[in-house]
Amino acid sequence: VFFEAQHNDSRTNIAIALSAAEHGADIGNYVEMTGVLWEGKKAVGVTARDRMTNQEIKIWANKIVFAGGPFTDGMRAMEHKGA
């Protein structure tokens, strides 16, 4: 038996973002990653562009998760040239 489920991904994403905010995360929308910030060989953040104001920002982080869906390959290419 084959069953294809339906999933409301926007509702799930909002729930994850709100939960992260409750645990101290800063949340942004319409923000595009433009590069990786490095300290030696360790990634310590990203550079990003606020798509609403076109402002470039630096985001420092203890952990970085590439959660770009179909755009993850492009994000990985920013991390490792030639990836």
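Mentor: We'll take the pocket, then the sheet. This is a predicted model, where local features need pLDDT of at least 70, side-chain atom pairs count only at pLDDT 80 or more, and totals for chains, interfaces and linings use all residues. Residues are numbered from 1 along each chain as its sequence is written, and side-chain values use heavy atoms, without hydrogens and water.

Trainee: What volume does the largest pocket have?
Mentor: About 1400 Å³. A pocket is an open set of points on a 1 Å grid over the protein atoms alone, where a 1.4 Å probe fits, with protein on both sides within 12 Å along at least five of seven lines. Volume is the space filled by probe spheres set on the points, joined across faces, edges and corners.

Trainee: New topic. In what order do the strands sit in the sheet?
Mentor: β1-β2-β3, in an open, antiparallel sheet. β1 and β3 are at the edges with a single partner strand each, so one side of each has no neighbour in the sheet.

Trainee: How many bridges pair β2 and β3?
Mentor: Five, in the antiparallel sense. Pairing takes at least two DSSP bridges between two strands. Arg49 has Glu56 in β3 as its bridge partner.

Technical notes. On a 1 Å grid over the protein atoms alone, a cavity is a set of points where a 1.4 Å probe fits but cannot get out, and a pocket is an open set with protein on both sides within 12 Å along at least five of seven lines; lining residues have an atom within 4 Å of a point. Helices (H or I, at least four residues) and strands (E, at least two) are DSSP runs, numbered from the N terminus.
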